Amino acid sequence: KMAATRKKPIICLYMKPDIPSEQMQLLEEHFIVITEQDKNLCSKYKNDVIAIVPFAGSLVSDEILEKYPNLRIISNNSVGYDHIDLHAAAKRGIRVGNTPLVLNEATAEIAISLILSTARRIVEGDRICRLNDTNQFSLNRLLGRF
């Protein structure tokens with residue numbers, strides 16, 4: 001029977017460290033997780049980081065990629081990827097992944113919600129209810145007309 005002494009790969013999170021605890025726990029089961037905010041760890045493990053995980057708004061430039069000579073993948077945790085220097089990644093043979101189509105249904109649901117809210121004057125009605133002012137009541141008040 002062989003003892004398993006395999007070292008976990010190191011990934012660096014390029015984002016706010018506010019990942020839900022369940023997701024962080026899952027990551028930590030499989031990886032050593034460091035964040036770009038911890039400059040000491042990033043510097044110490046720069047040759048061991050194999051993946052970075054950015055969110056939209058976390059710029060992944062040529063300069064960032066240069067810091068991690070053994071980087072193999074950028075696992076983008078958002079739909080868009082315009083914050084990643086794709087040319088610099090390709091030049092280094094780094095694969096880039098994103099999450100296309102993951103927000104389509106949620107975006108459509110929000111759009112429908114906003115349309116209904118506007119048409120039925122939900123926000124205005126909520127404001128009136130919160131005022132608790134019975135003088136604001138009218139049978140014609142919130143009929144969906146402006």
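Colleague: Where is Leu101 found?

Modeller: Keep in mind that this is a predicted model. Leu101 is in the loop between strand 5 (95-97) and helix 5 (104-119).

Colleague: What is its phi?

Modeller: Leu101 has a positive phi of about 70°, although it is not a glycine.

Colleague: And is Leu101 buried or exposed?

Modeller: Exposed. The relative accessibility of Leu101 is 65%, and the cut-off for exposed is over 50%.

Colleague: What about Arg121, what phi does that one have?

Modeller: Positive as well, about 55°, and Arg121 is not a glycine either. Arg121 sits in the loop between helix 5 and helix 6 (122-131).

Colleague: Is Arg121 buried or exposed?

Modeller: Buried. Arg121 has 14% relative accessibility, and buried means under 20%.

Colleague: New topic. How many aromatic pairs does a search of the whole structure find?

Modeller: The search turns up 1 aromatic pair. The partners are Tyr14 and Tyr68, with ring centres 6.4 Å apart. Their planes stand at 90°, so the pair is edge-to-face.

Colleague: Which parts does the pair tie together?

Modeller: Tyr14 belongs to strand 1 (residues 10-14). Tyr68 is in the loop between helix 3 (62-67) and strand 4 (73-75). The pair therefore links parts 54 residues apart in sequence.

Colleague: Are those two tyrosines, Tyr14 and Tyr68, buried or exposed?

Modeller: Tyr14 is buried, and Tyr68 is too.

Colleague: Zooming out, how many helices and strands does the protein chain have?

Modeller: There are 6 helices and 5 strands in the protein chain. Starting at the N terminus, the order is β-α-β-α-β-α-β-α-β-α-α.

Colleague: Why is the chain called more spread out than a compact globule?

Modeller: Because its radius of gyration is 24 Å, well over the 15 Å that the globule rule gives for 146 residues. Along the principal axes, the C-alpha atoms fill a box of roughly 75 × 40 × 30 Å.

Colleague: What share of the residues is buried?

Modeller: Buried residues are 25% of the 146 in the protein chain. As for contacts with a separation of 6 or more, 32% involve residues 24 or more positions apart.

Colleague: Last one. How many positive and negative side chains are there?

Modeller: The protein chain has 19 positive and 17 negative side chains. The centres of the two sets are 2 Å apart.

Conventions
Residues are numbered from 1 along each chain as its sequence is written. This is a predicted model: local features need pLDDT of at least 70, side-chain atom pairs count only at pLDDT 80 or more; totals for chains, interfaces and linings use all residues. Side-chain values use heavy atoms; hydrogens and water are left out. Rings of Phe, Tyr and Trp (its six-membered ring) pair if their centres lie within 6.5 Å; planes under 30 degrees apart count as stacked, over 60 as edge-to-face and the rest as tilted. Helices (H or I, at least four residues) and strands (E, at least two) are DSSP runs, numbered from the N terminus. Buried means under 20% relative accessible area, exposed over 50%, partly exposed in between (1.4 Å probe, protein chains only). The radius of gyration is taken over C-alpha atoms; the globule rule is 2.2 Å times the number of residues to the power 0.38. Contact means heavy atoms within 4.5 Å. Lys and Arg count as positive and Asp and Glu as negative; His and the chain ends are not counted. The place of a charge is taken as NZ of Lys, CZ of Arg, CG of Asp or CD of Glu.
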